[in-house]
Amino acid sequence: MSASYDGIILGTGHNAQVLHAYLARSGLRVLSLDRATVPGGGLATEENQRRPGFRHNTHSFFHRAVTAMPWYRDLELHRHGARYVEPELNVALILPDGRSLQFWTDLDKTVASVAEFSAKDAATLRRWVDEFRPIVAQVMAPEAQSPPLPPDRRREILGRSALGRRLLVAAERSPIEFVTEEFENDVIRAGLLFFSGLREIDLRLKGFGHAIPAILAGPHKAQMCLGGSARLAQALVKDIEEHSGRIRCGVPLRAILTRNGKAVGVELSDGERVEAAGFVASGLNPQQTFLEMLDADAVSPTTRERAADFRYNLLAPLFALNVALREPPRYRAAEQRPELNQAFMVILGLERPEQFHAIVAAHERGQIPPTVMWGTCPTLFDASQAPPGGHTAFMWEKLPYALSGDSGRWDATQDAHGRDMLELWTRFAPNMEGAVLDRFTRSPLDTERALPNMRYGDLLVGSFANDQIGYHRPFPGAGCYRTPVSGLYLCGGSTHPGGNITGLCGYNAAAVVVADLGVRAWWDPPQVEDAWTRIGGGTSAVP
Ligand SMILES: Cc1cc2nc3c(=O)[nH]c(=O)nc-3n(C[C@H](O)[C@H](O)[C@H](O)COP(=O)(O)OP(=O)(O)OC[C@H]3O[C@@H](n4cnc5c(N)ncnc54)[C@H](O)[C@@H]3O)c2cc1C
């Protein structure tokens with residue numbers, strides 16, 4: 001063994017970083033290890049090698065409500081240089097005929113935009129937002145920010161309050177049933193389904209009927225990190241290092257070491273061994289953690305089977321077209337509605353809810369569906385991401401991981417598909433014809449190559465199918481961050497509450513690790529059960 005720490009964390013994704021920062025502030029000596037050359041995982045901002053000064057966010061970009069997360073405050077990330085903006089025209093769905101559906105940070109403006117399509121839908125949307133605001137604040141937020149409860153206990157406690165019961169009832173439907181039964185206009189229906197699809201919940205899945213009203217009622221919308229997404233990772237590194245945490249990147253890992261059934265360290269690919277006296281935490285996926293990193297005899301056959309069966313989202317993989325521009329996109333529709341040129345997230349190619357069925361069917365066949373894409377021009381909000389006068393922009397599309405059953409086909413196909421996306425973009429923003437200085441694409445296979453924990457390009461690191469959520473995420477026996485191996489914990493997107501930039505997997509894991517080590521938490525880790533017993537009355541206004 002080359003060195004000894006209280007704990008070792010595998011990976012430096014933001015969840016692993018959040019866990020590391022809390023433990024370092026607890027006085028524990030912790031080391032993080034990553035195969036990548038820089039920390040941050042999905043928080044990546046890369047300089048364009050052909051066009052110096054143009055900086056592209058190659059993984060996550062839209063960070064929902066990050067500034068409202070408890071760890072953002074506790075870890076003083078503002079002091080460490082993180083800065084966020086939440087643009088007012090947060091999302092705009094632009095139609096080929098020039099109309100647009102607009103979602104603003106100001107609910108009244110959103111309702112006014114919906115009313116241009118249907119007055120009835122505008123009233124329905126407002127009613128759902130009013131109804132869900134207390135549910136999000138008092139029921140859903142505490143649940144996401146705590147280790148989850150066993151399903152029966154969860155249902156029992158939720159059943160005690162009006163708000164809890166309302167959530168249980170709203171959840172019974174699928175997102176598709178929710179929009180079809182509650183809204184009448186096809187553009188509104190498609191726009192709302194997009195929000196849910198964007199968060200990669202299977203729109204057909206019962207149990208997620210609450211997802212869309214919860215997103216609409218959330219107090220914060222999509223935000224962006226000034227300086228690029230990597231700036232958040234850099235702020236987390238500052239906090240870790242300020243509290244004597246150690247991070248080593250560019251080190252491929254071979255194995256998690258166990259002794260007498262307990263995780264005791266890690267072996268690197270060059271044979272170096274690092275000892276952990278207290279714990280090992282993995283920010284990797286269940287297959288990597290239990291099948292690749294642990295000897296077969298270190299875990300039971302049941303655990304190996306469950307890890308092998310952990311499933312990934314069919315619809316999660318993204319294809320990205322990134323461009324360096326001499327001017328920002330100017331949308332034809334902005335001639336009538338100038339605000340559209342300042343929209344944050346722009347959706348193109350979407351008009352009807354049925355398009356989702358075509359997208360799902362194409363994913364199942366491994367084919368490219370007619371393009372629905374969304375993206376932004378970050379430099380409209382942060383000039384630092386390009387040289388003076390220049391701009392960057394990107395569009396994302398959900399595309400299958402394997403084309404006709406073979407992910408390797410992407411390498412020969414992606415450039416042509418990027419051209420097709422650019423053509424569609426140009427139909428909506430004609431100035432794109434002459435604005436592009438450089439472009440490159442990233443396929444779902446490229447995602448997996450960069451971040452192998454995102455198996456099959458699943459950027460949420462595991463599906464949200466009913467048996468892989470909450471207490472049983474990633475699988476029964478390994479939920480709640482503890483695993484069947486003593487001293488081994490999970491802390492990445494494959495745990496509750498799941499993928500995306502929420503940091504809550506790492507935040508919740510920190511409370512579990514310090515409790516098991518008998519270390520007093522310096523922060524106040526919320527307990528969902530306590531929060532739910534304090535829930536106020538609330539009424540059920542929505543029919
Ligand atoms: C193209 C794209 C766009 C996205 N857009 C958004 C968005 O707009 N908003 C949003 O909220 N989320 C977005 N996401 C999803 C988000 O990035 C992830 O859900 C999130 O990063 C998962 O965080 P994590 O902490 O689990 O680990 P990750 O960020 O996945 O990091 C895992 C770390 O583990 C390391 N690792 C993997 N395998 C090994 C190994 N064998 N040995 C050592 N280290 C290893 C990796 O190098 C990486 O540093 C996007 C993702 C992609 C790919």
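Accessible areas here come from the Shrake-Rupley method with a 1.4 Å probe. By that method, the protein chain of this predicted model exposes about 20900 Å². Carbon and sulfur atoms supply 49% of that area.

Start with the overall build. The protein chain comes to 18 helices and 19 strands. Its C-alpha atoms fill a box of roughly 70 × 60 × 45 Å along the principal axes. The radius of gyration is 23 Å, which agrees with a compact globule, because 543 residues packed that way would give a value near 24 Å. Of the 543 residues, 61% count as buried.

Now look inside. A probe the size of a water molecule, rolled over the atoms, shows where empty space is left. The structure holds two cavities of 30 Å³ or more.

The largest cavity contains about 140 Å³ of space. Twelve residues line it, and Phe356, Ile359, Val372, Trp374 and Lys398 lie nearest its centre. Helix H8 (186-198), helix H13 (354-365) and strand E17 (391-398) each give two or more residues to this lining. H8 supplies the largest share, three residues. By type, the lining divides into nine nonpolar, one polar and two charged residues.

The second largest cavity has a volume of about 70 Å³. It is lined by 13 residues, with Tyr331, Ala343, Val346, Cys377 and Leu380 closest to its centre. This lining holds ten nonpolar and three polar residues, and no charged ones.

Key:
Residues are numbered from 1 along each chain as its sequence is written. This is a predicted model: local features need pLDDT of at least 70, side-chain atom pairs count only at pLDDT 80 or more; totals for chains, interfaces and linings use all residues. Side-chain values use heavy atoms; hydrogens and water are left out. On a 1 Å grid over the protein atoms alone, a cavity is a set of points where a 1.4 Å probe fits but cannot get out, and a pocket is an open set with protein on both sides within 12 Å along at least five of seven lines; lining residues have an atom within 4 Å of a point. Grid points are joined across faces, edges and corners, and a volume is the space filled by probe spheres set on the points. Helices (H or I, at least four residues) and strands (E, at least two) are DSSP runs, numbered from the N terminus. Ala, Val, Leu, Ile, Met, Phe, Trp, Tyr, Cys and Pro count as nonpolar, Asp, Glu, Lys and Arg as charged, and the others, Gly among them, as polar. The radius of gyration is taken over C-alpha atoms; the globule rule is 2.2 Å times the number of residues to the power 0.38. Buried means under 20% relative accessible area, exposed over 50%, partly exposed in between (1.4 Å probe, protein chains only).
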